Each structure stands twice: as structure tokens, then as C-alpha cells.
Amino acid sequence: MLEGKALIEDTDMPTKMQIQAMAAASQALDLYDVVDCKSIAAHIKKEFDTRYGSGWQCVVGSSFGCFFTHSKGTFIYFTLETLNFLIFKGVASSSPPSSPR
């Protein structure tokens, strides 16, 4: 396990959830090859969906950019080994989509 070796870049998660995020990432790295980012991300997403309810998103890689809206208290971005991890819970749209005219 690689616990304690993560570097948190930014977060608004409660500490307990941050620890769970890093533990899930560490566990995924133990289970999957470091180049299998898709399986690593799927493992973390499944873990968070199970623990904290559905709607979680996870991005794993060494070079990516993104723009997203998240629920307050559900965002973390950290580095572990050579990979970057972004975990967040999306925000449901409160207004219905506009119909085309």
C-alpha cells in the first residue's frame, strides 16, 4: 500500500473522505497496472458510489484538463506515484433543459 505518499493539490472534502479517496487510489494501484488508468478510475468511482451514494466521477492520468461543477464538500485533486487523481460528485441540474425552437 502507498498510503501517506499522496500529495493533495486542492480539496474541499472532509478529512475522513480525503483519507478514503487516497486509500481507494492506493488500493486501485495495488490491483491494476499503473498504465490502466480506466480500471483505476472505475475502481475508485465504484468505491465512492458504494460508500457515499451514486453520482461520483473519477479522472486518473498523468496529463489531463477539465472543467466541471461539483457538489460542495465532494472534490479532491491529488497526486499519487506518477498519476493525478480527480474525484468529485457532480451537481444535478435544477432546471429542465430548454427545448429547441
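## Close-up views of a helix pair and a nonpolar core

**View 1. The largest nonpolar core of this predicted model has 21 residues.** Inside this core, the residues with the most contacts are Ile40, Ile44, Phe48, Val60, Phe78, Phe85 and Ile87. A nonpolar core here is a set of buried Ala, Val, Leu, Ile, Met, Phe, Trp, Tyr and Cys residues joined through side-chain atoms within 4.5 Å, where buried means under 20% relative accessible area, exposed over 50% and partly exposed in between (1.4 Å probe, protein chains only). Two or more residues come from each of H1, H2, strand S2 (56-61), strand S3 (76-80) and strand S4 (83-89). H1 gives the most to this core, with seven residues. In soluble globular proteins, nonpolar side chains tend to be buried together.

This is a predicted model, in which local features need pLDDT of at least 70 and side-chain atom pairs count only at pLDDT 80 or more, while totals for chains, interfaces and linings use all residues. Residues are numbered from 1 along each chain as its sequence is written, and side-chain values use heavy atoms, with hydrogens and water left out.

**View 2. Val60 and its contacts.** Setting aside neighbours within four places in sequence, Val60 is in contact (heavy atoms within 4.5 Å) with Cys37, Ile40, Ala41, Ile44, Leu83, Asn84 and Phe85.

**View 3. Helices H1 and H2 cross at roughly 140°.** The axes of H1 (residues 15-31) and H2 (residues 37-52) come within 9 Å; axes are lines fitted to C-alpha atoms, for helices over the stretch in contact, and angles run from 0 to 180 degrees between N-to-C directions. The two helices are therefore oblique to each other (under 35 degrees is roughly parallel, over 145 roughly antiparallel, 65 to 115 roughly perpendicular, and the rest oblique). Their crossing is right-handed, with the near helix turned clockwise from the far one by less than a right angle.

**View 4. The contact of H1 with H2.** Among the H1 residues that take part are Met17, Gln20 and Leu31, and they meet H2 residues including Ile40, Phe48 and Tyr52. The residues of this contact divide into 11 nonpolar, three polar and two charged.

**View 5. Gln20, a buried residue of H1.** Gln20 counts as buried because its relative accessibility is 14%. Beyond its neighbours within four places in sequence, Gln20 is in contact with Glu47, Phe48, Arg51 and Tyr52.

**View 6. The whole chain, for orientation.** The protein chain has two helices and four strands, in the pattern β-α-α-β-β-β; these are DSSP runs (helices H or I, at least four residues; strands E, at least two), numbered from the N terminus.

Methods. Ala, Val, Leu, Ile, Met, Phe, Trp, Tyr, Cys and Pro count as nonpolar, Asp, Glu, Lys and Arg as charged, and the others, Gly among them, as polar.
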